[in-house]
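Trainee: Could we go through this structure together? I'd like to learn where the labels come from.

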Amino acid sequence: MIRGIENGVDGLRMLEGFEAMEMEPELQCVKALFSPLSGIVDSHSLMPSLVWISPPMWVQGEAENHGATFCYNTTVIGGHIEGNHICLHISESEDLENWDGKFPLHPGVILVPKLVVNSAGLSAPAFAKRFDGLNSIVIPAAQYARGCYFVLSTMKAPFKHLIYPIPEDGGLRVHFTLDLDCQIKFGPGVEWVKNVDDISSFLNKFDYSVCAKRAERFYPEIRKYYPNLKDDSLEPGYAGIRLKLSGAQQSASDSVIQT
């Protein structure tokens, strides 16, 4: 709670178990941290809004109105330092997909920007390793955590609030959330992904399927705070991959800013 207050989160309040369970009768807990201002964001609508507003208007979005230019179907495959300049190696994504790895992949374009921000998401460490002149010591090892969600088959939500148990190594533990379509979800859990090669991370070639058998691990976790969860009520939802700088049994570390 102290960290939340320091970060400017208003209205935080520690509740005794009976107070929380009065608010949420289906909940089972000893104590709870109540955040009345927490909510959800429609990320799929947020990101396109930075580029355009949906049809029929097709007007420029916030980023383009401020001078940004988006270049689609291209991949930054590496770079080098030349004098005082940073040079980026650009390739068409199709060329990268068809690359057999037997010969060096030559860039189609070399871009010389004034400033480079490596915010390449899942491929950020792979890109840094392919940047000639960058000290490899400063490049953190990449850990990939795969999380899947299961949806509740019933349309009636057991809770009115988002419910987050105490976090586990690598993730937020199996929590309860609703999306803007009022779909009821539990997740994500943590499954560490090994042996990810650079090209797979560049092209987002990850397995996003959800194995129905993983629900067997979800039931006991969810019943720690929602004991009335019925058998066979969970259905596979979706999965996501999260890049982390810490792995299993390590202190949580999601990102780093280096200048």
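**Labels and their cut-offs**

Trainee: Why is Lys31 called partly exposed?

Mentor: Lys31 has a relative accessible area of 47%. Buried means under 20%, exposed means over 50%, and partly exposed is in between (1.4 Å probe, protein chains only), so Lys31 counts as partly exposed. Before we go on: this is a predicted model, where local features need pLDDT of at least 70, side-chain atom pairs count only at pLDDT 80 or more, and totals for chains, interfaces and linings use all residues. Residues are numbered from 1 along each chain as its sequence is written, and side-chain values use heavy atoms, with hydrogens and water left out.

Trainee: What makes Glu16 and Lys31 a salt bridge?

Mentor: Their side chains meet at 2.7 Å, N to O. A salt bridge needs a side-chain nitrogen of Lys or Arg within 4 Å of a carboxyl oxygen of Asp or Glu, so the pair qualifies. Glu16 sits in strand S1 (residues 13–16) and Lys31 in strand S2 (residues 31–34), so this pair ties together parts 15 residues apart in sequence. Helices (H or I, at least four residues) and strands (E, at least two) are DSSP runs, numbered from the N terminus.

Trainee: And Glu16, is that one buried, exposed or partly exposed?

Mentor: Partly exposed, at 36% relative accessible area. The structure holds 7 salt bridges, by the way.

Trainee: How do you know that Arg214 and Glu191 form one too?

Mentor: The N to O distance there is 3.7 Å, and the cut-off asks for within 4 Å, so they pass. The two are 23 residues apart, with Arg214 in the loop between H7 and H8 and Glu191 in strand S10 (residues 191–193).

Trainee: Last one: which residues of H8 are buried, and what puts them on the same side?

Mentor: In helix H8 (residues 215–222), they are Ala215, Phe218, Tyr219 and Ile222. They cover an arc of only 105° around the axis, which puts them on the same side of H8; that arc is taken from the directions from the helix axis to the C-beta atoms. The face turned away from that buried side carries the exposed residues Glu216 and Arg217.
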